[in-house]
Amino acid sequence: MVRSSRIVAAAALAIGLLAGCVSRADQSAPQAAPETVPLSELSGLTLQIGDQKGGTEALLRAAGALDDLPYDVAFSTFTSGPPQIEAATAGKIDFAITGNTPPIFGAASNAKVKVVSAYDGGGFGDQLLVHADSPIQEVTDLRGKSIALAKGSSAHGHTLVQLHRAGLTPDDVKLVFLQPADALSAFKQGRVDVWAVWDPYTAQAEKELPVRSIAQATGVTNGAGFGVASAAALADPKRNTALADLLVRYSKAVKWAHDNRDEWAARYSAEVGLDPEVGAVAQGRSLRLPTDLSDELVASEQEMADLFAESGQIASAPDFSQWVDRRFADQLSPLYIERD
């Protein structure tokens, strides 16, 4: 059975996380995997999955990956990654896929989560948008300008790296922390100069507004997405077993979407209520492909965490590797997909 809860997590939830309102007990210690349980024994279990803009549920459903589940799943929709990390820490969800920055903020706040899978998003949809008639031409023009973005999101990380590369710091600009819907409103009304955001919001803005991009994350950040599981789920034999099964199903669903791009884009657009052209652009460039949770990828996350700390965006840089758990690597490695 699949249940979907269209609950948009309040921005205050994210603020609570980023203020460090989670348990300070050390969550970075290695966590031994429990014994695997036969799938036949998972009847009655409901795996709680966090989602954004219908992406995870829509993909699993379109690919038929939710058929014949030996357990139940329930989806809850969140505005961005940071509230998902907080929900996992609070025991409200077992798993979610986020961008590359929410796990850094989670680790910095000692969140009760682990990164268990990685996805190559390419970074093509992570962009800094300005109005078409804006005098801003490049990142070096951002001094003194206001940038709307979701705190702790991939847009936050992307913006910080772009500023650093341009010789600027957060103190040289005005970061306005808003969730996507509020950021869009502020941007349309001219209350901010720049909107830092990700797909499908980027693709939607490109379709509906006179905008242009002054920067994208491709080649600048790792462009990765991460599967994040709650420590409680990973410690529970049944939930841990169900997670392993779900991760394999998700990877196979991505393979289906990668091989059936037009059908997937149409199904995705219908599922989340997007213009088909917007859905096709977003999924054509930003489909997250299963990839190795490699030392190199973890090191790139550490570099971003260090930059967040150096710029005063977090109190101190966590050792990101301590929030990585590769227990599912053997099951997932045959399903990795190289980007075209």
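**Salt bridges across the chain**

Arg285 pairs up with Glu206 in a salt bridge, with 3.1 Å between the closest N and O atoms; the term covers a side-chain nitrogen of Lys or Arg within 4 Å of a carboxyl oxygen of Asp or Glu. This pair ties together distant parts of the chain, since Arg285 sits in helix 11 (residues 276–286) and Glu206 in helix 7 (residues 201–208), 79 residues apart. Helices (H or I, at least four residues) and strands (E, at least two) are DSSP runs, numbered from the N terminus. Arg285 counts as buried at 18% relative accessibility, while Glu206, at 34%, is partly exposed. Here buried means under 20% relative accessible area, exposed over 50%, and partly exposed in between (1.4 Å probe, protein chains only). Asp199 joins Glu206 and Arg285 in a network of salt bridges.

The model is predicted, so local features need pLDDT of at least 70 and side-chain atom pairs count only at pLDDT 80 or more, whereas totals for chains, interfaces and linings use all residues. Residues are numbered from 1 along each chain as its sequence is written, and side-chain values use heavy atoms, with hydrogens and water left out.

In total, the structure holds twelve salt bridges. One of them joins Arg239 and Asp94 at 2.9 Å, N to O. Again the partners come from distant parts of the chain, 145 residues apart: Arg239 belongs to helix 9 (residues 237–259), and Asp94 to the loop between helix 3 (81–89) and strand 4 (95–98). Arg239 is partly exposed at 24% relative accessibility, but Asp94 is buried at 7%.
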